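I opened my notebook to look up charged pairs. Here is the structure I worked from.

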Amino acid sequence: MPGLVSIKSPPDAPLLRITVPEPPPQNPTRTPNRKPPSASPSRSKASPARSAKKPPPDSPNPDDSSLDNPDLGPFLLKLARDTIASGEGPGKALDYAIRAAKSFERCAVEGEPSLDLAMSLHVLAAIYCSLGRFDEAVPVLERAIQVPDVERGPDHALAAFSGDMQLGDTYSMLGQVEKSIGCYEEGLKIQIQALGETDARVGETCRYLAEAHVQAMQFDKAEELCKKTLEIHRAHSEPASLEEAADRRLMALVCEAKGDYEAALEHLVLASMAMIANGQENEVAAIDVSIGNIYMSLCRFDEAVFSYQKALTVFKSSKGDNHPSVASVFVRLADLYHRTGKLRESKSYCENALRIFAKPVPGTTAEEIAGGLTEISAIYESVDEPEEALKLLQKAMKLLEDKPGQRSTIAGIEARMGVMFYILGRYEEARNSFESAVAKLRASGERKSAFFGVVLNQTGLACVQLFKIDEAAELFEEARAILEQECGPCHQDTLGVYSNLAATYDAMGRVEDAIEILEYVLKLREEKLGIANPDFEDEKSRLAELLKEAGRSRNRKAKSLENLIDPNSRRTKKEGTKRWGFKI
């Protein structure tokens with residue numbers, strides 16, 4: 001009887017990808033390319049005694065009345081799988097799968113959940129996904145997870161678990177990360193109920209869910225799941241196992257995101273030792289790149305260079321000079337030399353990486369190229385070459401436009417493009433780019449993330465430059481609510497939004513509202529952040545001016561935005577009087 005299983009996901013595998021499943025083995029497992037598990041084992045051939053009742057192979061589309069034949073469902077489901085395996089195309093397989101599901105539903109005994117029906121719905125949904133029709137797969141999977149009764153034993157539990165995980169994968173491909181995580185959590189509950197909390201397969205699902213939390217930038221939850229996964233694998237695996245190495249690489253990613261670089265370095269070193277013990281040379285090189293990233297974050301640049309060069313040597317010897325892995329190391333070296341002020345070396349490494357991305361070797365994915373171009377664009381942006389950075393971002397977005405499951409990534413690129421347009425003074429294009437990013441993030445269910453709050457702030461700034469003040473105020477207000485919730489009132493991004501909102505209220509003539517915000521910001525700085533920050537004097541001076549104006553009877557026009565906005569200004573110690581402007 002099959003157990004509940006989960007995906008083994010190597011750290012460098014693309015996250016949350018779904019493909020049409022092959023016929024399930026007796027003990028199905030979720031494979032590294034993240035094929036969703038099938039619902040339950042089922043016969044692939046009708047019994048000999050009933051073979052005479054089968055429709056002939058050359059009549060695959062029988063009348064609806066024939067769907068009442070209990071042998072037709074298994075036959076049509078086998079035809080669907082054989083069609084996929086033969087490469088005839090998913091369109092024909094889709095017809096077979098739809099009819100198989102209808103047949104199983106008609107033949108199901110009332111009050112008795114049919115695992116064959118659940119399995120056929122899983123296959124049907126997988127075919128929809130292979131055609132890129134993810135929206136149509138969702139209701140099919142929602143129906144599939146309602147069929148099994150978990151209380152009836154492990155077969156039903158497996159069907160329910162598989163359905164939840166497959167539905168989570170489908171939501172992920174639609175960019176709806178929160179819904180995706182909800183499905184994975186439900187699947188994990190079913191798996192724990194059936195197998196217990198310490199089963200090795202539960203550990204695999206915990207890691208899978210942790211990866212989803214990382215994608216959603218929910219690092220505390222990801223860390224908790226990673227710790228649980230490590231405990232389970234230590235109990236079931238030999239010391240320095242591949243499973244433990246994968247867990248530690250993910251834990252290192254979480255620690256790095258939370259700014260705990262020393263802990264991240266410790267996990268990576270232990271993961272590297274495990275990979276060396278298992279003869280995984282290329283994986284050791286990939287970990288060396290991650291170690292280099294940590295050293296760079298710690299400003300230990302010589303050690304970072306050494307780690308990158310070690311990885312570069314391995315990648316060149318094992319994969320060739322033009323492999324995207326080589327280009328990725330070039331990008332990291334370019335970033336390092338830019339940070340250390342060696343701009344000539346930095347530009348040289350950027351150009352070397354771009355040459356590889358311009359003529360990618362077979363097997364290079366669009367996601368790899370787009371990611372590399374995006375990283376290089378950040379370097380060009382920081383050396384004050386926004387036009388070149390913009391070109392690279394446009395190329396990256398074009399590569400990802402038709403790729404499923406890339407909505408959030410494209411939104412991030414569009415937000416970066418908006419910043420470039422803003423810097424170049426192309427405010428209308430900046431606003432359009434920001435609004436497109438906001439729309440995608442809303443559709444993806446990321447409207448509560450800190451990143452979404454930052455993008456709203458940037459959109460508001462573009463609106464201010466276009467004199468759309470009311471619209472800017474609404475955006476700043478929404479950004480404030482999100483960032484207060486996600487980052488807290490003392491975070492730099494939240495303080496920046498407070499400042500922008502106060503300036504906007506002042507420009508609208510809402511002086512009392514502007515005063516209220518500035519008084520709150522000054523109170524935060526005095527009581528919690530200290531008054532050494534140069535912004536403190538600016539805000540204090542601005543508040544004094546507003547209080548003076550509010551204290552007299554006035555009938556003034558709203559201040560010209562030209563006097564309020566100074567996006568190119570840079571505060572220095574030598575400035576005597578500083579203009580308080582908007583903050584991007």
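Which helix holds both Arg 207 and Glu 204, and how many residues apart are they? I found both in helix α7 (residues 200-215), three residues apart, about one turn of the helix. Helices here are DSSP runs of H or I with at least four residues, numbered from the N terminus.

I noted that the model is predicted, with local features needing pLDDT of at least 70, side-chain atom pairs counting only at pLDDT 80 or more, and totals for chains, interfaces and linings using all residues. Residues are numbered from 1 along each chain as its sequence is written, and side-chain values use heavy atoms, leaving out hydrogens and water.

Entry on Arg 207. I see a salt bridge from Arg 207 to Glu 204, with the closest N and O atoms 2.9 Å apart. A salt bridge means a side-chain nitrogen of Lys or Arg within 4 Å of a carboxyl oxygen of Asp or Glu. Arg 207 is buried at 5% relative accessibility. Glu 204 is buried too, at 6%. I use buried for under 20% relative accessible area, exposed for over 50%, and partly exposed for in between (1.4 Å probe, protein chains only).

Entry on Lys 310. I list its salt bridge with Asp 288 at 3.8 Å, N to O. Lys 310 sits in helix α12 (residues 301-319) and Asp 288 in helix α11 (residues 281-297), so the pair ties together parts 22 residues apart in sequence. Lys 310 is partly exposed at 40%, whereas Asp 288 is buried at 6%.

Entry on the whole structure. My search finds 25 salt bridges.

Notes:
Helices (H or I, at least four residues) and strands (E, at least two) are DSSP runs, numbered from the N terminus.
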